[in-house]
Amino acid sequence: MNKIIIIFLIIVFIDGLMKKCNMFDMFIDGVKDALILIKPIFTTLIAFMLFVELLRSSGFIDILSFVIQPIIQWIGIPIDIVILGFLRPISANASLSFLYSIYELFGVDHPLSLLATLIQSGSDTTLYVITLYFSTIHVKNTRYALWVGLFMDFLAVLLAIIFYLKVFV
């Protein structure tokens, strides 16, 4: 992939030289246009990152894991897996850090690590995507996008757990 990008940049550079364009000024103009586009995205992104950090530091995740611990124990799945499924629709970084801790705890080839990988790859950062994309295009009524996205995330976690229970238990 890196080679393709380098080849593309070389082709663009050679094309600019052949057309005798002032490529630096064109590059600066492109950056200025990008800054205009990034302004609404940046404010939304900062607000969402603040929300995720408040969620982490407030202890809400610890309270949630304490509440659902009895339900999860009889299934035989560690609470970290459920927290990963809960965090994935909210934040990619938080869910990746949980995935990494699961890898460290069990090892990469362990069935629970494979379950965590299925959850990580099968679900999406729904709240992040809806917050960022809909705010960028100034859509205030998301209609069913949030509920459908969260349902699909739930379904991905549920199917990953069912697959784990059928194959590994």
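**Exercise 1. Classify the packing of helix 7 against helix 8, then list the contact residues.**

Step 1. Take the geometry. Helix 7 (residues 126-136) packs on helix 8 at an angle of about 155 degrees, and the two axes are 9 Å apart. Axes here are lines fitted to C-alpha atoms, for helices over the stretch in contact, and angles run from 0 to 180 degrees between N-to-C directions. Helices are DSSP runs (H or I, at least four residues), numbered from the N terminus.

Step 2. Classify the angle. Helix 7 is therefore roughly antiparallel to helix 8. The cut-offs: under 35 degrees is roughly parallel, over 145 roughly antiparallel, 65 to 115 roughly perpendicular, and the rest oblique.

Step 3. Assign the hand. Helix 7 crosses helix 8 in a right-handed way. A crossing is right-handed if the near helix is turned clockwise from the far one by less than a right angle, and left-handed if anticlockwise.

Step 4. List the contact (heavy atoms within 4.5 Å). Helix 7 supplies Thr126, Leu127, Ile130 and Phe134; helix 8 supplies Ala145, Leu146, Gly149, Leu150 and Asp153. By class, these are six nonpolar, two polar and one charged. Ala, Val, Leu, Ile, Met, Phe, Trp, Tyr, Cys and Pro count as nonpolar, Asp, Glu, Lys and Arg as charged, and the others, Gly among them, as polar.

**Exercise 2. Decide how far the model can be trusted.**

Step 1. Note the source. This is a predicted model, in which local features need pLDDT of at least 70 and side-chain atom pairs count only at pLDDT 80 or more, while totals for chains, interfaces and linings use all residues. Residues are numbered from 1 along each chain as its sequence is written, and side-chain values use heavy atoms, with hydrogens and water left out.

Step 2. Read the scores. pLDDT is the predictor's confidence in each residue, from 0 to 100. The chain averages 85, and 99% of the residues score at least 70.

Step 3. Confidence is lowest in helix 2 (residues 23-57), at a mean of 80, and highest in helix 6 (residues 111-122), at 91.

**Exercise 3. Is Thr126 buried or exposed, and what does Thr126 touch?**

Step 1. Locate Thr126: it lies in helix 7.

Step 2. Apply the cut-off. Thr126 is buried, because its relative accessible area is 8%. Buried means under 20%, exposed over 50%, partly exposed in between (1.4 Å probe, protein chains only).

Step 3. Leave aside neighbours within four places in sequence. Thr126 then contacts Pro89, Leu146, Gly149, Leu150 and Asp153.

**Exercise 4. Compare the two partners of helix 4: helix 3 and helix 5.**

Step 1. Start with helix 3 (residues 60-73). It packs on helix 4 (residues 79-87) at about 125 degrees, with axes 10 Å apart. So helix 3 is oblique to helix 4. Their crossing is right-handed. The contact residues divide into 10 nonpolar, two polar and no charged.

Step 2. Turn to helix 5 (residues 92-106). Helix 4 meets helix 5 at about 160 degrees, with axes 8 Å apart. So helix 4 is roughly antiparallel to helix 5. This crossing is left-handed. The contact splits into nine nonpolar, one polar and one charged.

Step 3. Check burial. Ile79, Ile81, Ile83, Leu84, Gly85 and Leu87 are the buried residues of helix 4. Their cover includes helix 3, helix 5, helix 6 and helix 8.

Conventions:
Helix = DSSP H or I, 4+ residues; strand = E, 2+ residues; numbered from the N terminus.
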